[in-house]
Amino acid sequence: IVMMDMETAANIAEIAGGIAILVSLTYAGFQIRQSNRLAKVESIRSTQSNSFLDEYDMATIGRGLVNFDSLNYSDKWEFHCYFLRFLSHYAMVIQTHKLGLLDDIAVANWTKAIAESLATPGGRQYWSEGGRESFEPQYVKAIEDYIASSLAEITPYNERYKWMLETG
């Protein structure tokens with residue numbers, strides 16, 4: 001049996017310790033990446049969910065998009081609550097994007113959906129008659145900037161979905 005001197009054994013132990021640290025750091029990095037991927041998938045799933053729509057009478061929302069002023073007080077309130085949820089969800093999308101958990105396409109899709117709602121006759125009435133005042137200025141600005149810069153690309157919901165005209 002060959003005996004190592006103490007210095008050689010200490011050097012081998014130091015190398016083995018360094019390798020063990022490298023392996024554990026690599027594993028921790030892998031776990032963090034995996035956790036970030038899962039968080040991103042959950043964020044995308046959450047922002048693409050339209051489950052908040054289940055709470056509203058969509059016929060009322062459709063009538064409001066066609067002509068907000070024709071709604072009675074109760075229906076105007078429901079329309080307003082719908083937009084509060086819609087814009088709150090949009091704010092969450094933007095905040096999640098700032099964290100790096102959503103890509104630009106998700107934000108663009110939500111911005112476009114809101115712009116298409118607000119481009120309807122009823123959406124314009126709602127927005128100009130005080131609806132915009134209920135939301136944080138940064139989100140109002142983002143939406144209005146998008147509308148101003150992309151007007152030719154925006155098809156109002158009631159034009160895209162002709163059946164909305166039948167909700168009277």
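Predicted model: local features only at pLDDT ≥ 70, side-chain atom pairs only at ≥ 80, totals over all residues.

Reader: How are the rings of tryptophan 127 and phenylalanine 135 arranged, and why?

Author: Their centres lie 5.7 Å apart and their planes meet at 20°. The pair counts as stacked because planes under 30 degrees apart fall in that class.

Reader: Are those two residues buried or exposed?

Author: Tryptophan 127 is buried, with a relative accessible area of 9%. Phenylalanine 135 is also buried, at 11%. Both receive that label because the limit for buried is under 20%.

Reader: Which residues do ring pairs link into a cluster?

Author: The cluster consists of Phe68, Phe79, Tyr82, Phe83, Phe86, Trp110 and Tyr126.

Reader: What lies over the face of phenylalanine 68?

Author: Lysine 76 does, at 5.3 Å from the ring centre.

Reader: Back to the tryptophan. Which residues of helix α5 are buried?

Author: Helix α5 spans residues 121–128, and its buried residues are Gly122, Gly123, Gln125, Tyr126 and Trp127. Tyr126 also belongs to the ring cluster, while Trp127 is the stacking partner of phenylalanine 135.

Reader: What do the buried residues of α5 pack against?

Author: They pack against four helices: α2 (58–66), α3 (73–98), α4 (104–118) and α6 (137–149).

Reader: And what happens just after α5?

Author: Glycine 130 takes a positive phi there, of about 115°.

Reader: Let us turn to the outside. Which residues form a nonpolar patch on the surface?

Author: Ile15, Ile19 and Val23 form one, with about 300 Å² of accessible area together.

Reader: Where is isoleucine 15 placed, and is it buried or exposed?

Author: Isoleucine 15 is in helix α1, which covers residues 6–48. Its relative accessible area is 57%, so it counts as exposed, the limit being over 50%.

Reader: What does the secondary structure of the whole chain come to?

Author: The chain has 7 helices and 0 strands. From the N terminus on, the order of elements is therefore α-α-α-α-α-α-α.

Reader: One last point: what share of the contacts with a separation of 6 or more comes from residues 24 or more positions apart?

Author: Such residues account for 67% of those contacts in the chain.

Key
Residues numbered from 1 in each chain as written. Heavy atoms only, no water. Phe/Tyr/Trp six-rings, centres within 6.5 Å; stacked < 30°, edge-to-face > 60°. Buried < 20%, exposed > 50% of the residue type's maximum accessible area, 1.4 Å probe, protein only. Lys NZ or Arg CZ within 6 Å of the ring centre and 35° of its normal. Patch = residues over 30% accessible without salt bridge, like charges linked within 9 Å, V, L, I, M, F, W, Y side chains within 5 Å. Areas by Shrake-Rupley, 256 points an atom, 1.4 Å probe, with all protein chains shown as cover. Salt bridge = Lys/Arg side-chain N within 4 Å of Asp/Glu carboxyl O. Helix = DSSP H or I, 4+ residues; strand = E, 2+ residues; numbered from the N terminus. Contact = heavy atoms within 4.5 Å.
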